[in-house]
Amino acid sequence: MSETPPPRRLVDAHHHVWDLARRPQPWLDSPAHKPIRRTFGVDDLRSAATRPIAGRRLESTVVVQCVTSVPETRELLALADDDPLVDGVVGWADLTSPAIGDVLDELRAGPGGSYLRALRHLVQGELDPQWLQYPAVERGLRAVRDRELGYDVLIRSHQFPQVVRLAERLPGLRLVLDHAGKPPIAHGDLADWERQVRLLARRPQVACKVSGLVTEASHRTWNVAGIRPVWDVLLSAFGPERLMFGSDWPVCVLAGGWNRWAATVDELLCGCSGTETEAVLAGTATAFYGLEPTPRDTEERTAPCS
């Protein structure tokens, strides 16, 4: 009897850290965010993320910016340089600045600069539906592309058209859709979101994070059955090779926390092949963000159901 190969690693492709004594987070002032209005560091994530998914335990993460601050990005890069759990950083820089290229070069030359994998802007807060088509923004995104960095797209469902146009205009820019474009799970009508997701997924350079879904559902009453229709659309539209697991920790604490979301993903993956599970839990994020790879497990296995 052949020995069962050891479990592969688990990559959390989307989490945050913040130190309120060092850098304010104005978005936490909302009363709804009171449960997470404190400092969170990587050690807090280690303590919280104890449940395995498909037999894998957390071994690698990508930390994502919270505020529009280059100094915050520098801090995240230094954190990645110091903490072995963090393998990549999605930072922020002003895409509209004529100096964007110089800023990116300076970040990459500084402490931890090799961990800069992508940029993100809080497009969900931009009121203009053409923001991603501003000439200055496109110029900045070309600088991102030219440095072989990716771009995390944070939008709400009504902003899909500008992302589709961006993907068409800059086919060489690798994009990942954060939180699946924030489907309106709590409202129950996913038809328009599904149409937009399928349209965007036609662009081969676009990946998608299976993250942030529980905070788009009812924080108190969501369950796996309510998340599954979103998962089914994403799996059909993108395929597992363009989906990546993310926790959106500690924001997910508002709706059950890391372990409950991990248990949900475990259930959603039930019946997926070993290759499909590997893609969602590690492979897609490793490829998109250029993370340190692990040896490939060639045995085709079905994800365990727990």
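Buried means under 20% relative accessible area, exposed over 50% and partly exposed in between, with a 1.4 Å probe and protein chains only. The model is predicted, so local features need pLDDT of at least 70 and side-chain atom pairs count only at pLDDT 80 or more, whereas totals for chains, interfaces and linings use all residues. Residues are numbered from 1 along each chain as its sequence is written, and side-chain values use heavy atoms, with hydrogens and water left out.

**View A. Aromatic pairs, with Trp 131 and Tyr 134 as one of them.** Rings of Phe, Tyr and Trp (its six-membered ring) pair if their centres lie within 6.5 Å, and planes under 30 degrees apart count as stacked, over 60 as edge-to-face and the rest as tilted. The search of the whole structure gives six aromatic pairs. Trp 131 and Tyr 134 have ring centres 6.3 Å apart and planes at 50 degrees, so this pair is tilted. Trp 131 counts as buried because its relative accessibility is 6%, while Tyr 134, at 31%, counts as partly exposed.

**View B. Phe 288 with Tyr 289 and Arg 174.** Phe 288 and Tyr 289 make an edge-to-face pair, 5.0 Å centre to centre with 80 degrees between the planes, and both residues are buried. Over the face of Phe 288 lies Arg 174, at 4.9 Å from the ring centre; a charge sits over a ring if NZ of Lys or CZ of Arg is within 6 Å of the ring centre and within 35 degrees of the ring normal.

**View C. Trp 222 under the charged end of Arg 260.** The charged end of Arg 260 sits over the Trp 222 ring, 3.8 Å from its centre.

**View D. A cluster of rings.** Trp 18, Trp 27, Phe 40 and Trp 249 are linked into this cluster by ring pairs.
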